[in-house]
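Here's a model to walk through together. Have the viewer open while you read.

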Amino acid sequence: MLMTNTALRDETTSPETMPVRVKDPTVPTNPWIPPHGEEEARRYLSAVREWASVDWNEVYDDLDTILHGEEEISHHAAGPSGGAPLPNYNNDALTQRFLMALKLLAARALRDKADEKHPDIAALIEQARALRAEVVAGDARQTIGLVRKLARLTLDLAELLEEAGIVRKLVEC
């Protein structure tokens, strides 16, 4: 059985004479099945909508605040004796910036197979995975420790990736 196709027009053929093959019902077709369920696809779309790039200037400002102030803060464990105020370690945005920076750095390292070529980078990626899995239950001492670890790990991984040539102009001089 032939049908006519009116979609294609040419000067040499008229729409009435162009044959179109009708689907043969004896030939099986496989319907497309999405790789994930609807709920998982919605979760992925939601994550993409909420994604924001890392502001590396903010990350480095946070690193300066946390890491360069460490000596001063540790000497004043009983409380500051004047000078600059203690950083706000309970700042969720600060923690999220470090987590996102670590996630992006680790993804970049894995994409370029740096973990296979550089054991020290592989070790930092594993530390980052373990640290991301830690749960902070609101204890101020745990929060301080977590933020300091995140900061140190972010800086170390960024420096090693730059030394390996995987990222450029990320670590400030």
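This is a predicted model: local features need pLDDT of at least 70, side-chain atom pairs count only at pLDDT 80 or more; totals for chains, interfaces and linings use all residues.

Residues are numbered from 1 along each chain as its sequence is written, and side-chain values use heavy atoms, with hydrogens and water left out.

The protein chain has seven helices and two strands. Helices (H or I, at least four residues) and strands (E, at least two) are DSSP runs numbered from the N terminus. Reading from the N terminus, the order is β-β-α-α-α-α-α-α-α. Of the 173 residues in the protein chain, 26% count as buried, where buried is under 20% relative accessible area, exposed is over 50%, and partly exposed is in between (1.4 Å probe, protein chains only). Take contacts between residues at least 6 apart in sequence: 59% of them join residues at least 24 apart. Contact here means heavy atoms within 4.5 Å.

Now for the packing. Two packed helices are described by the angle between their axes and the distance between the axes. The axes are lines fitted to C-alpha atoms, for helices over the stretch in contact, with angles from 0 to 180 degrees between N-to-C directions. Helix α2 (residues 56-67) and α4 have axes that come within 10 Å and cross at roughly 115 degrees. On the α2 side, the contact is made by Trp56, Glu58, Val59, Asp62, Leu63 and Ile66, and on the α4 side by Leu94, Arg97, Phe98, Ala101 and Leu105. Sorted by class, that contact has eight nonpolar, no polar and three charged residues. For the classes, Ala, Val, Leu, Ile, Met, Phe, Trp, Tyr, Cys and Pro count as nonpolar, Asp, Glu, Lys and Arg as charged, and the others, Gly among them, as polar.

Helix α4 also meets helix α6 (residues 119-133): their axes come within 10 Å and cross at roughly 140 degrees. Here Leu99, Leu102, Lys103, Ala106, Ala109 and Leu110 of α4 touch Ile121, Ile125, Ala128, Arg129 and Arg132 of α6. By class, this contact has eight nonpolar, no polar and three charged residues.

Where does the largest share of the lining of the largest pocket come from? Helix α4 (residues 92-111) provides it, with six residues. In total 13 residues line the pocket, and Ala52, Gln96, Leu99, Met100 and Lys103 lie nearest its centre. The lining splits into six nonpolar, two polar and five charged residues.

Some single residues are worth a click. Thr95 sits in helix α4 and counts as buried because its relative accessibility is 11%. Setting aside neighbours within four places in sequence, Thr95 is in contact with Leu146, Val147 and Leu150. Asp120, in helix α6, counts as partly exposed, since its relative accessibility is 39%. The C-alpha atoms of Asp120 and Leu160 are separated by 8.2 Å, though these residues are 40 apart along the chain.

Finally, look at Lys113, in the loop between α4 and α5 (114-117). Its phi is near 55 degrees, a positive value in a residue other than glycine. Lys113 is partly exposed, with a relative accessible area of 45%.

Terms used: On a 1 Å grid over the protein atoms alone, a cavity is a set of points where a 1.4 Å probe fits but cannot get out, and a pocket is an open set with protein on both sides within 12 Å along at least five of seven lines; lining residues have an atom within 4 Å of a point.
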